[in-house]
Structure formats: structure tokens, C-alpha cells
Amino acid sequence: MVAPPDNDVLWARALHFRYDDGSPGLSGVSLGVREAEILAVSGPRGSGKTTLLRCLAGLLPPHSGEVWFNSVPVHTMSPVTRERLRRDRFGWIDPAPVLVPELNVWENAALPLMLRGTGRSRARTAAVEWLERLDIGDRARRHPGELTHAERQRVCIARALAPAPTVLFADEPTAPLHRVDRAHVLRTLTTAARSHGITVVLATHDAQTAALADRTVSLLDGRRVRTVHLPPAPGSGESEGRAACSLSV
Ligand SMILES: Nc1ncnc2c1ncn2[C@@H]1O[C@H](COP(=O)(O)OP(=O)(O)OP(=O)(O)O)[C@@H](O)[C@H]1O
């Protein structure tokens, strides 16, 4: 095993993953994520973004390849150790909001902190602070069933940020939001990450969202690719746009 570079908080080498039904999820993806970096993973639907995030977060063990977190191998960890790593160091935002219906909004947002052992009162303070930053502080005592879909997603984002994870995996985090809402929530998320030194791995198929990141890696059919914009063909007008092609890297 080759140890990863010191300044990469996450490092993956030659990840391969195939689903039980034979669908190829990843075919040899390597990448490094630097500390406090916001890295966008872009690509069309089905290109492997979710699969890559799940492998990096220790949710899916790759069939081959390596994942390292802060120079510690994740791919050889026992399931219990990986679970503890996810609980204590990682945050996760899904494209659709999933909350515990029996708990109110602040209890939902405080849940990961309480699972880490933070007392109820401190956890509530931290959760409410994040709910306020995301403009839903006034819903803190409501239950998820009383919220709109977009409000529930904001709660999920507050829940992921409240414990200040070392790495936040955000899989299309603003998919359920309207365009105006989306810009505000993304700005809150990226500003929070930058001010707290949180590393973010953000899956998105939206170029505007990817533009907020420090760097983008692109996937196509489970492989990393580089998109090259070709100059317009001689004689064609600018209005016809520019062709692009993807090269495996
Ligand atoms: N649970 C699953 N079982 C079987 N195949 C799957 C499963 N999840 C994903 N796949 C397949 O693996 C490939 C990569 O899917 P993945 O969800 O990682 O892509 P994605 O880029 O995140 O797509 P999207 O933007 O639609 O979420 C696709 O061909 C997909 O159909």
C-alpha cells in the first residue's frame, strides 16, 4: 500500500465498484481532496457521483482500490470502526430530506451531536444556531410533517453542519429547492464550510453549483474525465456554440 500525500484529507486510488445487478458504478477512479477544500464532483445522471461519494464516506466498500482519510486507510477498517468514523468526522446530505417524524425540527438537527455524546442543551443551542442561519429558526419546535419539502431539506443541511464535521459529503444537496432558495442555501453552506474549515465533497450535475467549488472533477460512466471545449469550426458562427468532448484521465 502506498501512503497518500500528507495534505490530502481524503485520498482515493483506483476505486472500482459494481452493483449486485452488474451495473458498473465506478471503474478506476483516483482523486485527492485537500483540507478545507470544496470539491465538486460533476457529471450527468448515472455517471457515478453518488457511488463515489458513498465509497469515499465509507458507506460502500469498494470492490478494489483504496480510500484514505487523514492518512488512515478506510478500505481496511472493520464495519464498526468505519461507522464510528462516519459518526464522529463525516457529515452527509442526501438529495431528498429524510427526518425522524416523531422528533421536532431542532431535535432532528441536534441528533448527530447527541449521538456523539453532546448534552441536550448544548446540542440544542448549536442546532438552533444553524437553523437560524438557514432561515428556519422559527420552525424549531415544529415537526417535519408541518414543513414544506424545501424547509425539510434546510433542516437536513443544518443537521449536517451542526457538528462541524471534518468532511461534509453533499449529494445534490439543493435538488429539492427552487432556484432562488438554492443560491441562498448553497451560499450559506459554502460560507459555513469556509469559515469552519470544513472540507466539502459536493456531487452536482449543475454547472452553476459546481462553480461555487474550489475545484471540479468530472465523471462519465464511472470514470474521471476532462471536458475539453473545442474551438468553433471554421465558417460556423459563434451563435452555434462550441462543441465539447470528454477525455478519460
Ligand atoms: N442501487 C443500485 N443498484 C444498481 N445499480 C445502481 C444502483 N445505484 C446506482 N446504480 C447504477 O450505477 C451507476 C452510477 O449511479 P450513481 O447513482 O452513482 O450516479 P450519479 O451520477 O450519482 O447519478 P444521479 O445524478 O442520477 O444521482 C448508474 O448506472 C446507476 O444506474
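The protein chain holds 7 helices and 11 strands, where helices (H or I, at least four residues) and strands (E, at least two) are DSSP runs numbered from the N terminus. This is a predicted model, in which local features need pLDDT of at least 70, side-chain atom pairs count only at pLDDT 80 or more, and totals for chains, interfaces and linings use all residues. Residues are numbered from 1 along each chain as its sequence is written.

**Overall fold**
- Of the 249 residues in the protein chain, 40% are buried (20 or more other C-beta atoms within 10 Å of a residue's own, with C-beta atoms placed from the backbone).
- Contacts (C-beta atoms, placed from the backbone, within 7 Å) between residues at least 6 apart in sequence join residues at least 24 apart in 68% of cases.

**Helices α5 and α6**
- Helix α5 (residues 149-161) packs with helix α6 (residues 179-196) at about 5°, their axes 11 Å apart; axes are lines fitted to C-alpha atoms over the stretch in contact, and angles run from 0 to 180 degrees between N-to-C directions.
- That angle makes α5 roughly parallel to α6 (under 35 degrees).
- A150, R154, I157 and L161 of α5 meet D181, V185, L189 and A192 of α6.
- By class, this contact has 6 nonpolar, no polar and 2 charged residues (Ala, Val, Leu, Ile, Met, Phe, Trp, Tyr, Cys and Pro are nonpolar; Asp, Glu, Lys and Arg charged; the others, Gly among them, polar).

**Around the ligand**
- The ligand is surrounded by 14 residues, the closest being Y19, S23, R45, T50 and T51 (C-beta atom, placed from the backbone, within 6 Å).
- Helix α1 (residues 49-56) gives the largest share of this shell, 3 residues.
- The shell has 9 polar, 3 charged and 2 nonpolar residues.

Technical notes:
A residue is buried if 20 or more other C-beta atoms lie within 10 Å of its own, exposed if 12 or fewer, and partly exposed in between; C-beta atoms are placed from the backbone. Two residues are in contact if their C-beta atoms, placed from the backbone, lie within 7 Å. Angles under 35 degrees count as roughly parallel, over 145 as roughly antiparallel, 65 to 115 as roughly perpendicular and the rest as oblique.
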